[in-house]
Amino acid sequence: VQLQASGGGLVQPGGSLTLSCAASGTIISINAMTWYRQGPGKQRELVASITSTYSTNYAESVKGRFTISRDNTKNTVYLQMNNLNPEDTAVYYCAAASSYSPSREAYAYWGQGTLVTVSS
């Protein structure tokens, strides 16, 4: 399974961005797609996850601002991020696993990361 993340960039506080993660390869066993992020000097943390049955999980810090979705026809997962603030600045990674887990050790497949910078 290969994951290709894209969509990062520089955005002002209060702005929006949409990240994409395209999956390819042997994806039939993948049931959970998750976005993680790692800010400067911080540990990697789970941001949002979606399963093949469209069940979602969000970090408390992004609830009401971020929305995760998937398009199975394109094997792509999206992260719509609204009302961004400087604390959202991080490298965002997409990850895939056979089932949902809050633990990053459960994810065998990772994308290369895309940088989101929130700054005025």
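Which residues line the largest cavity? The lining is made up of Arg37, Gln38, Gly39, Lys42, Gln43, Glu45, Glu87, Thr89 and Ala90. Two of these residues, Arg37 and Glu45, return below in a salt-bridge network.

## About the model

This is a predicted model, in which local features need pLDDT of at least 70 and side-chain atom pairs count only at pLDDT 80 or more, while totals for chains, interfaces and linings use all residues. Residues are numbered from 1 along each chain as its sequence is written, and side-chain values use heavy atoms, with hydrogens and water left out.

## The cavity

Let's start with the empty space. Rolling a probe the size of a water molecule over the atoms shows where such space is left. Here a cavity is a set of points, on a 1 Å grid over the protein atoms alone, where a 1.4 Å probe fits but cannot get out, and lining residues have an atom within 4 Å of a point. Grid points are joined across faces, edges and corners, and the volume is the space filled by probe spheres set on the points.

The count comes to 1 cavity of 30 Å³ or more, and the largest cavity has a volume of about 50 Å³. Its lining holds 1 nonpolar, 4 polar and 4 charged residues. In this classification Ala, Val, Leu, Ile, Met, Phe, Trp, Tyr, Cys and Pro are nonpolar, Asp, Glu, Lys and Arg are charged, and the others, Gly among them, are polar.

## A salt-bridge network

Side chains of opposite charge can pair when their charged atoms come close. A salt bridge is counted when a side-chain nitrogen of Lys or Arg is within 4 Å of a carboxyl oxygen of Asp or Glu. The whole structure has 5 salt bridges. One of them joins glutamate 45 to arginine 37, at 2.7 Å from N to O. Arginine 37 also meets aspartate 88 in a salt bridge, at 2.9 Å from N to O. That pair links distant parts of the chain: arginine 37 sits in strand S4 (residues 32–38) and aspartate 88 in the loop between strand S8 (76–81) and strand S9 (90–97), 51 residues apart. Strands here are DSSP runs (E, at least two residues), numbered from the N terminus.

Aspartate 88 has another partner in arginine 65, with their closest N and O atoms 2.7 Å apart. Arginine 65 lies in the loop between strand S6 (56–58) and strand S7 (66–71), so its pairing with aspartate 88 ties together parts that are 23 residues apart in sequence. Through shared partners, salt bridges join Arg37, Glu45, Arg65 and Asp88 into one network.

How covered are these residues? Buried means under 20% relative accessible area, exposed over 50%, and partly exposed in between (1.4 Å probe, protein chains only). Aspartate 88 is buried, with a relative accessible area of 1%, and arginine 37 is buried at 5%. Arginine 65 is buried too, whereas glutamate 45 is partly exposed at 34% relative accessibility. As a further landmark, the C-alpha atoms of aspartate 88 and valine 62 are separated by 8.8 Å, with the two residues 26 apart along the chain.

## Strand S9 and its neighbours

Two strands pair if DSSP finds at least two bridges between them. S4 and S9 run antiparallel and are joined by 7 bridges; here tyrosine 36 stands opposite tyrosine 93.

S9 also runs antiparallel to strand S11 (residues 114–118), with 3 bridges, and tyrosine 92 has threonine 114 in S11 as its bridge partner. A further antiparallel pairing, over 2 bridges, connects S9 with strand S10 (residues 109–110), where alanine 96 stands opposite tyrosine 109.

## The disulfide

A disulfide is a covalent bond between the sulfur atoms of two cysteines; the cut-off used is a pair of cysteine sulfur atoms within 2.5 Å. The whole structure has 1 disulfide, formed by cysteine 21 and cysteine 94 with their sulfur atoms 2.2 Å apart. The link is right-handed, with 65° about the S-S bond. Cysteine 21 is in strand S3 (residues 17–24) and cysteine 94 in strand S9, 73 residues apart, and both cysteines are buried.

S3 has strand partners of its own. Strand S1 (residues 2–6) pairs with S3 in the antiparallel sense over 5 bridges, and alanine 5 stands opposite cysteine 21. S3 and S8 are antiparallel as well, over 6 bridges, with leucine 17 and methionine 81 as bridge partners.

Definitions and conventions: Helices (H or I, at least four residues) and strands (E, at least two) are DSSP runs, numbered from the N terminus. On a 1 Å grid over the protein atoms alone, a cavity is a set of points where a 1.4 Å probe fits but cannot get out, and a pocket is an open set with protein on both sides within 12 Å along at least five of seven lines; lining residues have an atom within 4 Å of a point.
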